[in-house]
Amino acid sequence: MEETNREAVATAVQRVAGMLQRSDQLDKVEQYRRREARKKASVEARLKAAIQSQLDGVRTGLMQLHKALCDVKDIQSSLADVSKDWRQSINTIESLKDVKDAVVQHSQLASAVENLKNIFSVPEIIRETHDLIEQGELLQAHRKLMDLECSRDDLMYEQYRMDSKNVHDMNLIRNYFGQVQGLSEELSKQLWMVLQRAMVTVRRDPTMLVSVVRIIEREEKIDRKMLDRKKQTGFIPPGRPKSWKNRMNEVLESTVSGRIESTQSETRESDKMWLVRLLEITRKYVLDDLTVVKNLMVQCFPPHYNTFQVFLNLYLKSVSARVQELAAEDLEANEIVSLLTWVLNTYKSVEMMAHPDLQPECDVKQLEPLLPEHVVDNLLGKYLKTFTSNITGWLRKALETDKKDWQKETEPEADQDGYYQTTLPAIVFQMFEQNLQVAAQINETFKEQVLRVCLKQMHSFLVRYREEAISYKEEHLKDRQLPQCYVQYMIAIINNCQTFKESINSLKRKYSQSTEPTQIDATIDKLLNEVAREGCQFLLDEVFLDLEHHLNDLLTRKWLTGSHAVDTICVTVEDYFNDFAKVKKPNNQEMTSEAHRRVVVEYLKAIMQKRISFKNADERKDGADRMMKEADQFKFLFRKLSAGEDTDRLCDSISAIAEVFKLTDPALLYLEVSTLVSKYPDIREEHIVALLAVRGDASREMRQMIIETLNQNKPSSSTVSQPIFRDITVPTNTMTAMTSMTVPKLLK
């Protein structure tokens with residue numbers, strides 16, 4: 001205690017020293033004293049309160065301990081009394097066994113007395129119940145059935161409690177109530193019949209459906225009660241649990257399944273559109289039935305049945321099973337498309353599950369697909385395979401039909417602009433269009449796949465088309481009188497190529513999301529151009545076959561003395577090009593240019609073949625004048641055929657050669673030849689030699705000098721835009737006279 005006091009004094013001294021370190025703090029001594037006094041009083045008050053609280057708690061605890069001690073003593077005394085009484089009553093309890101048995105027997109007799117009236121009236125109640133079932137009074141019939149079952153079950157339960165091993169008495173009760181089980185089954189049949197016709201019943205007599213549901217709910221409640229008693233006692237009446245709710249679900253599922261299966265009224269043999277009809281009937285049934293469920297049937301079932309969702313699942317399950325059965329059949333291509341269009345599009349459209357009448361209960365986003373993805377893929381693959389095979393056959397048949405038309409004695413039809421054409425492009429692209437429209441109903445990816453198949457088949461078809469056009473030309477050459485309309489149908493073949501090209505571009509714009517050209521596009525375009533170009537070549541070959549005799553007359557003695565070969569050539573070409581006016585652009589323009597080139601080339605070939613060698617200046621002048629006149633004739637003709645386009649350069653080559661022939665002064669011959677070579681750099685040495693040979697007055701030395709000089713000043717022919725002499729060959733006999741000349745072969 002003293003140590004504590006010393007520590008307190010030392011602490012106080014330290015605090016006072018801390019407060020009075022400066023002289024000005026002495027004035028505040030009284031203030032410090034009052035503050036410390038207040039603190040001391042506060043601490044003492046808190047200390048007293050804490051001690052008082054502790055003392056009150058100790059006092060309360062002591063009182064409770066004392067009370068508990070008294071209670072323990074009382075309990076100990078009571079237990080001693082109970083033990084004494086129990087020892088005294090052991091013998092009494094053993095003597096009450098007979099009373100216990102009497103109580104059990106009394107309970108059984110009381111139950112028997114309670115059900116006595118029902119027991120005696122069982123046959124009558126059974127008859128009444130049977131009559132009520134036949135009359136359709138299902139609720140009343142079920143009430144009497146419950147009374148019968150209750151009486152039977154109570155008697156059997158009491159018998160079970162008294163002697164569970166007494167099979168004789170138990171069978172006696174069961175046999176007495178034997179017809180009750182039959183009534184239950186008879187009633188259940190009526191219930192299932194109503195449920196099977198639920199869609200009709202809910203419209204005509206919804207109370208009947210409500211009664212059925214109430215009966216099933218009662219039986220479910222009794223089932224639960226009996227199962228609970230079985231857990232406690234081990235006893236359960238015969239026929240329990242009935243599980244009528246589960247049976248109801250099975251009946252509804254069977255009814256819905258039968259409803260979906262009944263949609264097929266036609267077969268492929270009796271109706272080609274059997275599948276379309278089946279799917280449309282299925283759509284209508286599902287929509288109508290679910291609308292009835294949503295608007296009427298849900299009111300007949302308790303909310304916890306979730307009626308609409310149950311029926312929705314049943315219908316979708318049955319529809320899915322049905323379409324999977326259909327998918328497993330050997331469907332044709334159009335049937336596959338009908339099925340997939342219905343499954344992938346119609347199913348979730350406003351025509352069916354997204355119909356406003358089914359909203360908002362039916363959320364199409366939550367619906368499972370009717371067909372697994374692998375089944376859809378298999379059907380698409382099967383369709384593509386079948387479609388590829390079919391389109392190949394269709395194209396082959398279309399080409400065969402078109403080939404037959406080529407042999408007709410009447411001209412082909414003309415389009416609105418007067419151009420010849422056949423029906424082949426329309427037939428081909430109608431097939432493509434129809435199948436692409438069908439594919440577009442499924443999805444974009446499948447549409448692109450079908451388009452690729454169409455283009456691939458189009459390429460194969462065009463290869464055959466080209467071969468048939470060539471064969472058509474070759475057959476014609478065997479007898480040029482047949483077929484009579486060869487030219488017209490060849491024109492139609494050429495025009496068809498342009499139509500094919502336009503139709504392909506139209507299909508791609510309409511059915512392809514990609515605007516980038518593909519390899520197959522380039523291949524088809526190239527093939528169409530080749531077919532059209534070859535067709536134009538065949539037509540020009542036809543022209544020049546007729547011109548061959550007249551071309552052979554050019555630059556001959558007969559020609560020099562007054563032949564009308566060029567007149568005939570111009571008339572023949574113009575006559576043919578009156579027919580060629582039926583060729584579409586740009587092929588008709590290319591044909592005109594090619595005909596012009598070939599006429600000039602043939603004329604130049606006639607010169608180079610040295611069919612004539614002028615004997616004197618007069619012949620040279622006459623020949624040159626005639627050549628210039630005929631060049632003007634060609635210019636006039638091809639300007640007319642080319643609608644005024646520039647055609648002079650080709651014909652000017654004839655005039656330029658005529659100038660070489662017309663020259664009277666041999667000394668100036670080199671200058672004239674130089675002018676010719678500068679205008680037409682593709683002219684070669686043998687051409688110059690042939691020209692000089694036709695002129696007839698050039699000595700060997702002059703020819704050698706001209707050739708050597710031209711070789712030294714040879715112009716470049718690499719930039720010639722339209723070569724004329726490149727394809728003109730000079731017969732070897734024309735060059736025989738020049739074999740001794742040591743000059744280069746070409747003027748490059």
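Domain bounds here come from an automatic or database domain assignment. The model itself is predicted.

**View 1. The chain is split into four pieces, domain 1 to domain 4.** Domain 1 covers 136-262, domain 2 covers 263-371 and domain 3 covers 377-536. Domain 4 is pieced together from 554-565, 589-624 and 649-713. Between the C-alpha centres of domain 1 and domain 4 there is a gap of 120 Å.

**View 2. Serine 349 sits in the loop between helix 14 (333-344) and helix 15 (373-406).** With a relative accessible area of 19%, serine 349 comes in under the 20% cut-off, so it counts as buried. A polar atom of its side chain is 2.7 Å from the backbone oxygen of threonine 346. Setting aside neighbours within four places in sequence, serine 349 touches Ala354 and His355.

**View 3. Tryptophan 192 and tryptophan 244 make one of the 17 aromatic pairs in the structure.** Their ring centres are 6.0 Å apart and the planes meet at 75°, so this is an edge-to-face pair. Tryptophan 192 belongs to helix 8 and tryptophan 244 to helix 11, 52 residues apart. Tryptophan 192 is buried at 9% relative accessibility, and tryptophan 244 is buried at 6%. Look for lysine 242 too: it lies over the face of tryptophan 244, 4.8 Å from the ring centre.

**View 4. Tyrosine 465 and phenylalanine 500 pair up edge-to-face.** Here the ring centres are 5.9 Å apart, with the planes at 90°. Tyrosine 465 is in helix 17 and phenylalanine 500 in helix 18, so the pair ties together parts 35 residues apart in sequence. Both residues are buried, and both belong to an aromatic cluster that also includes Trp406 and Phe429.

Methods:
Residues are numbered from 1 along each chain as its sequence is written. This is a predicted model: local features need pLDDT of at least 70, side-chain atom pairs count only at pLDDT 80 or more; totals for chains, interfaces and linings use all residues. Side-chain values use heavy atoms; hydrogens and water are left out. Helices (H or I, at least four residues) and strands (E, at least two) are DSSP runs, numbered from the N terminus. Buried means under 20% relative accessible area, exposed over 50%, partly exposed in between (1.4 Å probe, protein chains only). A polar contact is a pair of N or O atoms within 3.5 Å; within protein, one must be able to donate a hydrogen and the other to accept it, and residues adjacent in sequence count only if both atoms are side-chain atoms. Contact means heavy atoms within 4.5 Å. Rings of Phe, Tyr and Trp (its six-membered ring) pair if their centres lie within 6.5 Å; planes under 30 degrees apart count as stacked, over 60 as edge-to-face and the rest as tilted. A charge sits over a ring if NZ of Lys or CZ of Arg is within 6 Å of the ring centre and within 35 degrees of the ring normal.
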